Amino acid sequence: MDREPCGMIAGAYDPFRREKIDIYVRDGLIERIVPAAKRTDSDAGADEADSDDADSIDAGSNETAAGNSRVLDANGYVVTPGLVETHIHLDKAFLSERLERPAANLGEAIAMTAALKPGYTAEDVTARSRRALDRSFAFGVSLLRAQVEIDPVLGLLSLASALALKAEFAGRMTLQLVAFPQEGIFNQPGTARLLREAIRLGADAVGGIPYNDRDSGEHLDFVFRLAADAGLPVDLHLDFSDDPTQLAIEDVIARTREYGLEGRVCVGHLTSLGSVPPDRARRIGERMAEAGIHVFALPATDLYLNGRGDTHAVRRGIAPVGLLLDAGVNVCFGTNNLRNAFTPFGTGDPLDVALLLAQTSYMGTETDADRLLGMCTDRAAAALGVDDRRIRPGAPADFALIRAESVQDLIYDRPRDRMAIRGGRLV
Ligand SMILES: [Zn+2]
């Protein structure tokens with residue numbers, strides 16, 4: 001563990017500039033960036049940093065001419081501004097061992113998980129959440145949005161845990177917390193009051209799940225009104241089926257306009273849209289793009305729980321990613337769940353999800369690989385309302401370094417050799 005500040009991170013490949021760069025760091029900020037090939041002899045540590053032997057990163061750190069900082073040889077690594085986890089459930093991670101059998105469909109997954117909730121304690125939720133966050137951090141995630149369950153059984157237990165973890169991880173990852181009424185709002189009396197309290201305590205976004213309440217429109221009205229009044233974004237679980245008639249996205253587009261929340265609404269799943277005939281789906285996609293609605297495909301869960309009613313020619317049950325991208329929608333992706341009734345697998349590595357989406361959404365070109373990287377970096381950050389995380393002078397020296405020669409290698413190989421830099425320090 002090297003906590004000395006680096007004066008320069010040398011020779012990393014920047015996939016957004018499409019060249020190798022040297023990043024000069026001063027006082028935790030990026031001072032300047034130069035193409036690696038254009039360094040001059042006066043640029044400190046240049047010669048030593050050109051080694052291809054990245055194994056020498058710790059041992060090979062060199063004193064610069066200035067003598068007050070060091071060179072991190074990042075040749076052979078891709079540098080990104082930190083990966084983004086757009087959608088994850090920390091409070092119900094790692095529950096598989098408490099289940100007697102796998103869930104047969106979405107309804108069972110919700111019911112089986114709800115049955116476990118009375119057994120949650122603050123220590124239990126925090127321990128499982130921290131385990132998930134430690135994984136995310138190790139994979140290079142620096143910005144993460146968690147869906148925090150709010151209901152009359154748990155009350156604000158999950159939120160209290162998540163707020164404490166948000167503070168605990170502040171130097172390593174930025175956490176955003178969504179107040180998420182998993183069990184519904186109006187079919188669970190008391191939830192509306194708890195959601196208002198969650199916002200008062202510091203939730204960063206208002207969540208919703210219209211398909212799990214007594215009336216979808218009533219649910220959406222409450223969520224949008226609450227968000228607009230609090231000045232917060234909306235982040236919904238939406239249209240999670242392969243039934244083209246179970247479709248609330250048009251209601252969401254209308255409310256996004258009505259409440260003036262253009263650009264501040266995200267929807268996860270949106271798999272029903274994949275069963276809608278393409279002409280109509282495309283028109284919906286175009287209207288989503290106009291309203292600035294962001295989409296989080298959650299393929300690990302979507303592929304696992306959808307298509308369960310099909311005996312053959314089984315539908316994939318994921319959002320129509322290509323169609324939405326072509327319509328101009330900001331599509332990203334997320335892990336959603338780790339080892340529970342909804343998704344009995346998953347590592348928490350955004351690049352695992354990127355590869356899964358590449359394989360299931362026909363994204364096999366070099367251009368697609370660039371797009372997939374954007375979907376877990378800058379495009380994902382924009383969806384979370386964090387607009388400028390580019391590597392640029394004046395910005396904090398926070399990056400992920402991932403051992404790969406190209407973006408395709410990064411997505412297809414998902415190298416485990418990664419480093420996190422925060423404020424110029426290798427953490
Ligand atoms: Zn979710």
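Predicted model: local features only at pLDDT ≥ 70, side-chain atom pairs only at ≥ 80, totals over all residues.
Is Phe-240 buried or exposed, and what is its relative accessible area? Phe-240 is buried, at 4%.

**View 1. Lys-117 and Glu-183 form a salt bridge.** The closest N and O atoms of Lys-117 and Glu-183 are 2.7 Å apart. The pair links distant parts of the chain, 66 residues apart. Lys-117 sits in the loop between helix H2 (106-116) and helix H3 (122-138). Glu-183 sits in the loop between strand E9 (174-180) and helix H5 (191-201). Lys-117 and Glu-183 are both buried.

**View 2. A salt bridge joins Asp-235 to Arg-145.** The closest N and O atoms of this pair lie 2.7 Å apart. Asp-235 belongs to strand E11 (residues 234-238) and Arg-145 to strand E8 (residues 141-149). The two positions are 90 residues apart, so the bridge links distant parts of the chain. Asp-235 has a relative accessible area of 0%; because the cut-off for buried is under 20%, Asp-235 counts as buried. Arg-145 is buried too, with a relative accessible area of 2%.

**View 3. Asp-349 and Arg-418 meet in a salt bridge through their side chains.** The N to O distance is 2.6 Å. Asp-349 lies in the loop between strand E14 (331-333) and helix H11 (350-360), and Arg-418 lies in strand E16 (residues 418-422). The pair therefore ties together parts that are 69 residues apart in sequence. Asp-349 is buried, and Arg-418 is buried as well. Elsewhere, salt bridges with shared partners join Lys-92, Lys-117, Glu-149, Asp-151 and Glu-183 into one network. Across the whole structure, the search finds 26 salt bridges.

**View 4. Tyr-211 and Phe-240 form an edge-to-face aromatic pair.** A search of the whole structure finds four aromatic pairs, and this is one of them. The ring centres are 6.4 Å apart, with 75 degrees between the planes. Tyr-211 lies in the loop between strand E10 (205-208) and helix H6 (216-230). Phe-240 lies in the loop between E11 and helix H7 (249-258), so the pair ties together parts 29 residues apart in sequence. How exposed is Tyr-211? Tyr-211 counts as partly exposed, at 22% relative accessibility. Phe-240, by its relative accessible area of 4%, is buried.

**View 5. The rings of Phe-224 and Tyr-259 form a tilted pair.** Their centres are 5.9 Å apart. The planes meet at 35 degrees, so the pair is tilted. Phe-224 is in helix H6, and Tyr-259 is in the loop between H7 and strand E12 (265-269). The pair links distant parts of the chain, 35 residues apart. Phe-224 and Tyr-259 are both buried.

**View 6. Two arginines are placed over aromatic rings.** The charged end of Arg-32 sits over the ring of Tyr-24, 4.0 Å from its centre. Arg-172 lies over the face of Phe-169. The distance from Arg-172 to that ring centre is 4.2 Å.

**View 7. Helices H5 and H6 pack together.** The axes of H5 and H6 are 11 Å apart. The packing angle is about 25 degrees. H5 and H6 are therefore roughly parallel to each other. Which hand does the crossing of H5 and H6 have? The crossing is right-handed.

Note on methods:
Residues numbered from 1 in each chain as written. Heavy atoms only, no water. Salt bridge = Lys/Arg side-chain N within 4 Å of Asp/Glu carboxyl O. Helix = DSSP H or I, 4+ residues; strand = E, 2+ residues; numbered from the N terminus. Buried < 20%, exposed > 50% of the residue type's maximum accessible area, 1.4 Å probe, protein only. Phe/Tyr/Trp six-rings, centres within 6.5 Å; stacked < 30°, edge-to-face > 60°. Lys NZ or Arg CZ within 6 Å of the ring centre and 35° of its normal. Axes fitted to C-alpha atoms, helices over the stretch in contact; angles between N-to-C directions. Parallel < 35°, antiparallel > 145°, perpendicular 65-115°, else oblique. Left-handed = near helix turned anticlockwise from the far one by under 90°.
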